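Thanks for coming. I will go through one structure today, a piece at a time, and give each term when it comes up.

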Amino acid sequence: MSAIKPGRNRDTPEAAARRMRHLFPPEEMDIARAWARKATRSHIHHEISHMSIVEWATMKRILPQGLTSMPGPWRWEVVPYLKEIAECLDPTSPIHEIYVMKGAQIGYTVGVLENWIGYSIDQDPGPMMFISADADVAEESVELRVDRMIESAGIRNKVFSQSRQGSGKKTGDTKRKKEFPGGFLIAVGPNSGSKLRSFSIQKLAEDEMDAWPQQVGSADGAGKRAAEGDPHSLARRRLDAFEAVSKTLGGSTPLIRSTSRIEPLFNDGDQRRYFVPCKACGAMQYLRWAQVKYKTDDSGRLIWDSVHYECEACGAEWRNEDKAYFLPRGEWRPTAQAMKPNYRSYHIPSLLSPIGMRSWHSICQEWIDAHDDPNRLRVFTNTVLGETWQERGEAPRWERIMLRREGWSPEVFHFDGQGNPIDYTPPILPEGALLLTLGADVQKDRIECEVVAWGAGRESWSLGYHVLMGETLDLDSPAWRAFSQILAADHGGMSISLALIDSHYQTQTVYGFCENYDTGVLPCMGESHYSKTLKVFQLREVSGRMIRRADIYTDILKIEIYTSLGKGKPDAGPLPRGYCHFPEERGEDYFRMLTAEERIPEKMHNGQTRYIFKKPEGRRNEALDCRVYSLAALYMLAWDVAPVDEDSGAVDWDVFWVACGAPSKGERPAEQG
Ligand SMILES: [Zn+2]
């Protein structure tokens, strides 16, 4: 039973309207009044008194130790910018759709999503659906977060936990479903097309929307997957029966501009930004990254005390501690006209993260670390600024890269028709080379592979590019025999640390080949996938095999490779980070293959445009694929050796390079930006 005493917080229409005047602009007031009348009628009808979400969280939420950086009773003062968003979710609010584009560590999950779910179970029940990145993530969120919220808010007694007779299985209280008087919460993935079609809901909570697939499919009679549509639209259709009282809350860290869901949803709304006052001049402004200032010392390290925010009106310096002053004095202001009524959108960058969570110092540090690494800059843009990443990476001109060839000795193998070695000239390892990786692309009639030497700052040398002719289905064929020789060679005194072989074409043969090696040789499969973190691969068990396969995110790696290839050699001074060296012997064909793919705009069904890497008809691209696998192998080695930040997936590359034998960062020449 509710702990609320009858009569407390009873909302008369006048009181509700008065309260709403603060919340809603005049043009929304009529709707607000109508709502207040209706809500109050329905409340009297049900003989329950109204308690708002904001009041509920203050009274009931206790954040447990260990799950948050700020355990204890919930306090809106810590994250005052979340209050208005929660108010939109109140049954008395006329707002139907709320979309939040956000950075990390701003308290949204606990302060908005969990509070809404808890309030719905306890005070405002109705059928509710929660969709996260995928079904596993959704269920895990219920298991880890929602269950603890239910426990700590003392509302477990509201959730049915009946056992099915005989089976002993709980039915109303699982990680997929919570049933409570007057409603339920169901957790699904955006891929669950059937669930997105099967029942009516009143409340829809959508999380991590930018990680959703563009389309969901369903198996038709012939077992073929047919495109069924956009999961957001499918889910929204479930609200039809509750149209007048429905609520949709969509939130996401934005990812790639061309495929982002949250950005267009944000743009359709009134694009609210959190305006805060300057302590010195009082000017209201929303925090922008351009106004964050810092200095570095001679060796490029952040000078901690220099970090500040510069008031855009008077130039006064705000410190991180000043958040305690300006956050509670802030307010949401619309910066655009919403395209639809009763529709709000909010932007929350991590610059707003309260004291005790993400500081401006650590944000500046992340920015300095990201330097000119496109993958890190992407994650910074997404998770700190809460903005989409604009894809770049047009193919660099092959002629320019060819002009930069250098006079060092690569390796040369000669094999006879049976794949036996005739002749081998080892490479002369360039100064700075610390380890070798190999990437191989398997075609029907040949294997192509590249041996790459890597140095600190991901500087690379293409030690050898080999084309091994012969059919590839049979492991005993000349192509595979020659390939084993290359894997086993000494490469001028260094062996290959990790080789990745594309298993897309001859899957079982490649698996069989890799099973012959205990370590260091793995099958791989390319995926065009973006994630919220810096991780560019996923290791997967291969059923029925003794090996694991690396699924690698090729688009991210191709962007990095194209960025690196686009960097020229400076007239003087240190080389830019990621500089790629090629030997004089390398021919035009190779450079054409390496730069073969283009970023092609593709029109999506929803009218958005996304860019995909595409190989023009008739052009070969094996050299690019091999380089992608080699770079993925380097990432996997770094992940294995160096500390990795769990949240961002960032590897401490400096520790990695020192472990590989490089001088420590202070002692080696600085890389150029
Ligand atoms: Zn000022």
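This is a predicted model: local features need pLDDT of at least 70, side-chain atom pairs count only at pLDDT 80 or more; totals for chains, interfaces and linings use all residues.

Residues are numbered from 1 along each chain as its sequence is written.

Helices here are DSSP runs of H or I with at least four residues, strands are runs of E with at least two, and both are numbered from the N terminus. Helix α16 covers residues 554–565 and helix α18 covers residues 622–641; their axes come within 10 Å and cross at roughly 100°. An axis is a line fitted to C-alpha atoms, for helices over the stretch in contact, and angles run from 0 to 180 degrees between N-to-C directions.

Which residues make the contact? From α16 they are Thr 554, Leu 557, Lys 558, Glu 560 and Ile 561, and from α18 they are Arg 627, Val 628, Leu 631 and Ala 632. Two residues are in contact if their C-beta atoms, placed from the backbone, lie within 7 Å. By class, the residues of this contact are five nonpolar, one polar and three charged. Nonpolar means Ala, Val, Leu, Ile, Met, Phe, Trp, Tyr, Cys and Pro; charged means Asp, Glu, Lys and Arg; the others, Gly among them, are polar.

**The seven-stranded sheet**

Next, an open sheet of seven strands, in the order β5-β6-β4-β7-β10-β3-β17, with mixed pairing. Two strands pair if DSSP finds at least two bridges between them. From one strand to the next the twist averages 10°.

Helix α5, residues 108–122, packs on this sheet. It touches β3, β4 (127–131), β5, β6 (183–188), β7 (203–206), β10 (247–252) and β17, and its direction makes about 155° with that of β7. Helix α6, residues 135–152, lies across β4 and β6 and runs at about 135° to β6.

Now look at β3, residues 97–102, which pairs with β17 in the parallel sense over six bridges. Lys 102 stands opposite Ile 348 in β17. With β10, the pairing of β3 is also parallel, over five bridges, and there Ile 98 stands opposite Leu 249.

Is β3 mostly covered or mostly open? It is mostly covered, with six of its six residues buried. A residue is buried if 20 or more other C-beta atoms lie within 10 Å of its own, exposed if 12 or fewer, and partly exposed in between, with C-beta atoms placed from the backbone. In a regular strand the side chains alternate between the two faces of the sheet. In β3, Glu 97, Tyr 99 and Met 101 are buried on one side, and Ile 98, Val 100 and Lys 102 on the other.

**A three-stranded sheet**

Another open sheet has three strands in the order β13-β14-β15, with antiparallel pairing. Here β13 (292–296) and β15 (317–318) are at the edges with a single partner strand each, so one side of each has no neighbour in the sheet. Helix α11, residues 360–370, packs on the sheet and touches β13 and β14, its direction making about 110° with that of β14. Two bridges join β14, residues 302–310, to β15, and Tyr 309 stands opposite Trp 318.

**Two hairpins**

Strand β21, residues 446–455, takes part in two hairpins. It forms one with β20 (residues 435–442), with three residues between them, and eight antiparallel bridges join that pair. The bridge partner of Thr 437 in β21 is Val 452.

The other hairpin of β21 is with β22, again with three residues between the strands, and Gly 457 in the turn has a positive phi of about 75°. Strands β21 and β22 (residues 459–469) pair in the antiparallel sense over 10 bridges, and Ile 447 stands opposite Leu 468. Of the 10 residues of β21, nine are buried.

Last, helix α3, residues 53–60, whose buried residues are Ile 53, Trp 56, Ala 57 and Lys 60. Seen down the axis of α3, these fall within an arc of 95°, so they line one face of the helix. The arc is that of the directions from the helix axis to the C-beta atoms. Among what covers the buried residues of α3 are α4 (83–88) and α5.
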